[in-house]
Amino acid sequence: MKTKNLDQLVHDILKETEVSPLHLELEITESVGLFENCEVVGQLENIRDLGVRVTLDDFGTGFSSLAYLHTFPLNGIKVARDFIMNIENNEKSLNVTKAIISMGNHLHLRVLAEGVESKEQMDSLVQMGCHYFQGYYFNKPMPSGAVTTLLENLHQQKLSQLQ
């Protein structure tokens with residue numbers, strides 16, 4: 001898809017679906033070559049102005065540049081699964097992950113670790129200052145209907161605990 005009118009496309013979809021922009025997060029990756037175009041910066045700013053979060057996906061892989069953190073209107077970064085899967089047995093992966101999380105926190109970015117597959121990984125990430133996670137430790141990918149059912153069941157459990 002051409003990015004020429006990405007901000008307008010996001011605006012139109014939000015209007016059509018009546019979804020609150022607070023419930024939408026746009027993940028971008030530097031490897032698609034978006035960042036060579038100054039027009040994209042303006043579009044990302046417009047998207048953020050709508051209330052949509054913008055996150056840099058797979059930070060630390062590909063051609064990541066610290067300039068992206070400075071130049072682009074980001075709300076967050078996602079630590080690449082490649083680092084997370086090795087934090088328990090690879091000191092370099094552990095140290096790179098610590099550095100990314102620390103840097104993200106100091107820049108007031110939401111830092112999400114992707115590919116969390118064990119309680120030990122999650123506990124290590126919490127100690128490093130990471131507050132958001134995704135991965136098989138929490139659940140495997142599922143169709144949207146199954147997600148809805150899961151969330152409804154969790155909601156019912158919470159309600160019954162409050163009574």
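**Helix packing and the largest pocket in a predicted model**

Reader: Which element gives the largest share of the lining of the largest pocket?

Author: The structure is a predicted model. Two elements give two or more residues each to the lining of the largest pocket, namely strand E5 (132-134) and helix H7 (144-162). The largest share, 3 residues, comes from H7.

Reader: How many residues of the lining of the largest pocket are nonpolar, polar and charged?

Author: The pocket holds about 350 Å³ of space. Among the residues that line this pocket are Leu112, Phe133, Tyr136, Lys140, Met142 and Leu151. By class, the lining has 8 nonpolar, 3 polar and 1 charged residues.

Reader: Is helix H1 roughly parallel or roughly antiparallel to helix H2?

Author: Two packed helices are described by the angle between their axes and the distance between the axes. For H1 (residues 6-17) and H2 (residues 38-49), the axes lie 8 Å apart and the packing angle is about 20 degrees. Angles under 35 degrees count as roughly parallel. Therefore the arrangement of H1 relative to H2 is roughly parallel.

Reader: Is the crossing of H1 and H2 left-handed or right-handed?

Author: The two helices pack at an angle of about 20 degrees. As H1 passes H2, the crossing is right-handed.

Reader: How do the residues of the contact of H1 with H2 divide into nonpolar, polar and charged?

Author: From H1, the contact is made by Leu6, Asp7 and Val10. On the side of H2, Gln43, Asn46 and Ile47 take part. These residues divide into 3 nonpolar, 2 polar and 1 charged.

Methods
Residues numbered from 1 in each chain as written. Predicted model: local features only at pLDDT ≥ 70, side-chain atom pairs only at ≥ 80, totals over all residues. Heavy atoms only, no water. Axes fitted to C-alpha atoms, helices over the stretch in contact; angles between N-to-C directions. Helix = DSSP H or I, 4+ residues; strand = E, 2+ residues; numbered from the N terminus. Parallel < 35°, antiparallel > 145°, perpendicular 65-115°, else oblique. Left-handed = near helix turned anticlockwise from the far one by under 90°. Contact = heavy atoms within 4.5 Å. Nonpolar A, V, L, I, M, F, W, Y, C, P; charged D, E, K, R; others polar. 1 Å grid on protein atoms, 1.4 Å probe; cavity = no way out; pocket = protein on both sides within 12 Å on 5 of 7 lines; lining within 4 Å. Points joined across faces, edges and corners; volume = space filled by probe spheres on them.
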